[in-house]
Amino acid sequence: MVHAKSWTLKKHFEGSPTHSNFELKTVELPSLKNGEVLLEALFLTVDPYMRVAAKRLKEGDMMMGQQVARVVESKNSAFPAGTVVVAFSGWTTHSISDGKDLEKLPAEWPDTLPVSLALGTVGMTGLTAYFGLLDICGVKGGETVMVNAAAGAVGSVVGQIAKLKGCKVVGAAGSDEKLAYLKKLGYDVAFNYKTVESLEETLKKASPDGYDCYFDNVGGEFSNIVIPQMKKFGRIAICGAISTYNSTCPPPPGPPPENIIYQQLRLEGFIVTRWQGEVRQKALKDLLKWVIEGKIQYHEYIIEGFENMPATFMGMLKGDNLGKTIVKV
């Protein structure tokens, strides 16, 4: 008999999430049927998209999200006990799966690499950086790339892939610790957007000729200042808008239309699940190879204890993390 602990959405968010929005529940799981496996969570992820996606949940539903889990009991020959998988099981310690949506770690995954990276740099956030930069922005060597939230789970990988492709990279982050990390990663210019006197002047100084690509994780007023500095035929990948997620005010007006029209800019929003099959597998192989070779560095912000899921989620939305936020069960 297995009891699963799960964090549910007790009350929809209004403004910044608080502990009162969440409720911890315990349920007894049924016995396995043929074809099913019992999963025990090892690591869980919290990500900005959850703040928005939770609007689609009903109060009382479990919070959504990926986890790295171990198969502890199996009636499915494809996933024997002991297999480590990535599963979209939500905020829960244990779950039952029919195996259809489970993903094993790549065969070439070395023992020296933490399996939690399958939730970050060699997982969803790494893939988001990869496809946003290479497909949506279509970045080429010699171009100038601007990325905000540059020390976060996605931004830190964007900057490193851009450097691998021969670009000049300008990154914005929100603390001196994060700034030091960006310099370690090889960013050409990095600045603390909270302490600069003028964001507009800082961006102009960092790249007087403007920007070819803008990878936007922040949205809001920040983007309104970047977009007028885009070069002609510039490309903008709109990945997130974390600056607006907790706001209870109407969003700020968008960038001036004449900038977009006369600079002939292309703006495209995207969700990483668009890329499936072979292209996704190739991207995962590329990311894993770059990490193994030391061409992409990673930093995990790990909080221990399943009971800390809500607090960790709230901290991530405030920017507490350097790199990928993970909860270790």
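Q: Which strands does helix 4 lie across?
A: Helix 4 (residues 176–185) lies across strand 9 (168–173) and strand 10. Its direction is at about 175° to strand 10. Contact means heavy atoms within 4.5 Å. Axes are lines fitted to C-alpha atoms, for helices over the stretch in contact, and angles run from 0 to 180 degrees between N-to-C directions. Helices (H or I, at least four residues) and strands (E, at least two) are DSSP runs, numbered from the N terminus.

Q: What should I know about the model and numbering?
A: This is a predicted model: local features need pLDDT of at least 70, side-chain atom pairs count only at pLDDT 80 or more, and totals for chains, interfaces and linings use all residues. Residues are numbered from 1 along each chain as its sequence is written, and side-chain values use heavy atoms, with hydrogens and water left out.

Q: And helix 5, which strands does that one lie across?
A: Helix 5 (residues 199–206) lies across strand 8, strand 9, strand 10 and strand 11. It runs at about 170° to strand 10.

Q: What's the strand order in the sheet?
A: The order is 10-9-8-11-12-13, an open sheet of six strands with parallel pairing. Strand 10 (189–192) and strand 13 (266–269) are the edges, each pairing on one side only. Neighbouring strands are turned by 15° against each other on average, direction ignored. Two strands pair if DSSP finds at least two bridges between them.

Q: How many bridges join strand 11 to strand 8, and to strand 12?
A: Three bridges join it to strand 8 (residues 144–147), and five join it to strand 12 (residues 230–238). Phe215 partners Val147 and stands opposite Ala237. Val145 has Cys213 as its bridge partner.

Q: Is strand 11 buried or exposed?
A: Buried: six of the six residues in 211–216 are, so strand 11 is largely enclosed by the rest of the structure. Buried means under 20% relative accessible area (1.4 Å probe, protein chains only).

Note on methods. Buried means under 20% relative accessible area, exposed over 50%, partly exposed in between (1.4 Å probe, protein chains only).
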